[in-house]
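Okay, thanks for making time, everyone.

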Amino acid sequence: MSKQFAFVFPGQGSQALKMMDNLADFAIIKQTFAQANSVLGIDFWAMLQEENADNINQTLNTQPLLLTASYATYLLWLEQSSGKLPNVVAGHSLGEYSALVASGVIDFASALHLVRKRAEYMQQAVASDQGAMAAVVGLADAQVIASCAEVMGENLGVVQAVNFNSPGQVVIAGDKLAVAKASEVLKANGARKIVPLAVSVPSHCDLMRPAAEKLAMELAQIEFKAPQIPVLQNVNGQISNDGAQLKQGLIQQLYLPVLWTQSVEKLASSQIDIIVECGPGKVLSGLNKRIHAQASLFNLHKVEDFSNLHSALSAE
């Protein structure tokens with residue numbers, strides 16, 4: 001019986017300068033970046049070669065850049081594997097757009113416009129010095145949720161648990177004051193570590209509802225096709241084959257938490273043997289290992305990674 005495998009696509013935070021250099025010799029990589037340039041008028045390839053990461057770390061650039069890099073890597077996989085499709089695709093937050101393009105739900109050009117607008121609306125929703133996010137390490141999900149609820153009762157603003165990334169790692173987001181207060185409460189309640197995140201937007205919390213309303217208007221103009229590959233959604237940790245449901249999920253994921261732990265548990269219960277991080281960085285592989293220890297994990301960064309994955313899928 002052939003092995004079941006999933007492709008998962010990274011979200012914001014996985015970008016790095018020169019991150020695609022190992023794959024630069026493949027025409028499909030450069031072609032995909034050229035297509036993004038023609039659609040948005042931004043040369044992301046040149047941006048990746050700059051001396052500092054300021055431009056690639058601007059949300060307005062980061063989101064379409066990561067979509068481009070992830071989709072280019074996926075197209076290279078299809079080219080190298082003679083079109084071998086994964087059994088399921090998923091993406092962490094922004095990465096869900098890469099998953100939807102890979103599964104044929106939306107085309108690449110439409111997705112580029114969408115993620116650019118998404119970034120714009122997110123930045124408009126909260127002034128850059130008013131929001132914050134922090135990673136909480138070493139507490140159960142329920143403890144983090146309860147501590148945030150306690151602080152929300154003190155009228156300091158919004159603070160919510162927004163990324164359930166792996167057991168013992170939850171990200172909180174909201175108004176700067178409320179996040180600072182919640183960090184103190186969580187530390188007092190036994191959190192091993194609180195790590196403030198270098199972000200300009202507090203994603204996946206109630207502060208993003210205005211952005212979601214604007215994004216809904218953009219999404220209304222785009223046809224979502226039925227996926228060629230089942231898509232595992234962030235907002236509910238469930239697999240969907242319904243275009244309308246997938247569209248609704250993109251609106252909700254702006255202000256609802258990313259249920260990554262639940263999503264990877266769903267892959268485990270769906271008999272997925274191999275999880276492939278398709279795109280820059282290794283953030284998801286680190287999380288996936290903690291959630292689904294039995295899975296074989298692969299990243300597609302270097303030329304040999306593609307043949308290694310092909311061999312693993314071909315092995316009995």
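Predicted model: local features only at pLDDT ≥ 70, side-chain atom pairs only at ≥ 80, totals over all residues.

Let me start with Glu120, which counts as partly exposed because its relative accessibility is 27%. As a reminder, an α-helix has 3.6 residues a turn, so residues three or four places apart point the same way.

How many salt bridges does a search of the whole structure find? It comes up with 3. Another one pairs Arg209 with Asp206, with 3.1 Å between the closest N and O atoms. Arg209 is partly exposed at 38% relative accessibility, and Asp206 is partly exposed with a relative accessible area of 28%. Then there's Lys302 and Asp305, whose side chains meet in a salt bridge at 4.0 Å, N to O. Lys302 counts as partly exposed at 35%, but Asp305 counts as buried, because its relative accessibility is 11% and the cut-off for buried is under 20%.

Now for a charged residue without a partner. Lys247, in helix 9 (residues 243-252), is buried yet has no salt bridge. Where's the nearest side chain of opposite charge? That's Glu223, and it is 8.9 Å away. What Lys247 does have is a backbone oxygen: the one of Leu219 lies 2.9 Å from a polar atom of the Lys247 side chain. If you skip the neighbours within four places in sequence, Lys247 is in contact with Leu219, Ala220, Ile222 and Phe224.

Moving along from helix 9, have a look at Leu259, in the loop between helix 9 and helix 10 (260-269). Buried or exposed, what would you say for Leu259? Buried, because its relative accessible area is 16%. Again leaving aside neighbours within four places, Leu259 is in contact with Phe164, Asn234, Val235, Asn236 and Gly237. And for a sense of distance, the C-alpha atoms of Leu259 and Gln31 are separated by 33 Å, with the two residues 228 apart along the chain.

Next, helix 4, residues 95-102. Here 8 of the 8 residues are buried, so helix 4 is largely enclosed by the rest of the structure. The buried residues include Glu96, Tyr97 and Ser98, along with Leu100 and Val101. Just after helix 4, Gly104 takes a positive phi of about 80 degrees.

Let me zoom out to the whole chain. The secondary structure comes to 12 helices and 10 strands. The radius of gyration is 19 Å, which agrees with the value near 20 Å that a compact globule of 316 residues would have. Along its principal axes, the C-alpha trace spans about 55 × 45 × 40 Å. Buried residues make up 54% of the 316. Of the contacts between residues at least 6 apart in sequence, 74% join residues at least 24 apart.

Okay, that's my tour, and I'm happy to go back to any of it.

Notes:
Residues numbered from 1 in each chain as written. Heavy atoms only, no water. Helix = DSSP H or I, 4+ residues; strand = E, 2+ residues; numbered from the N terminus. Buried < 20%, exposed > 50% of the residue type's maximum accessible area, 1.4 Å probe, protein only. Lys, Arg positive; Asp, Glu negative; His and termini not counted. Polar contact = N/O pair within 3.5 Å; in protein donor to acceptor, adjacent residues only side chain to side chain. Contact = heavy atoms within 4.5 Å. Rg over C-alpha atoms; globule rule 2.2 N^0.38 Å.
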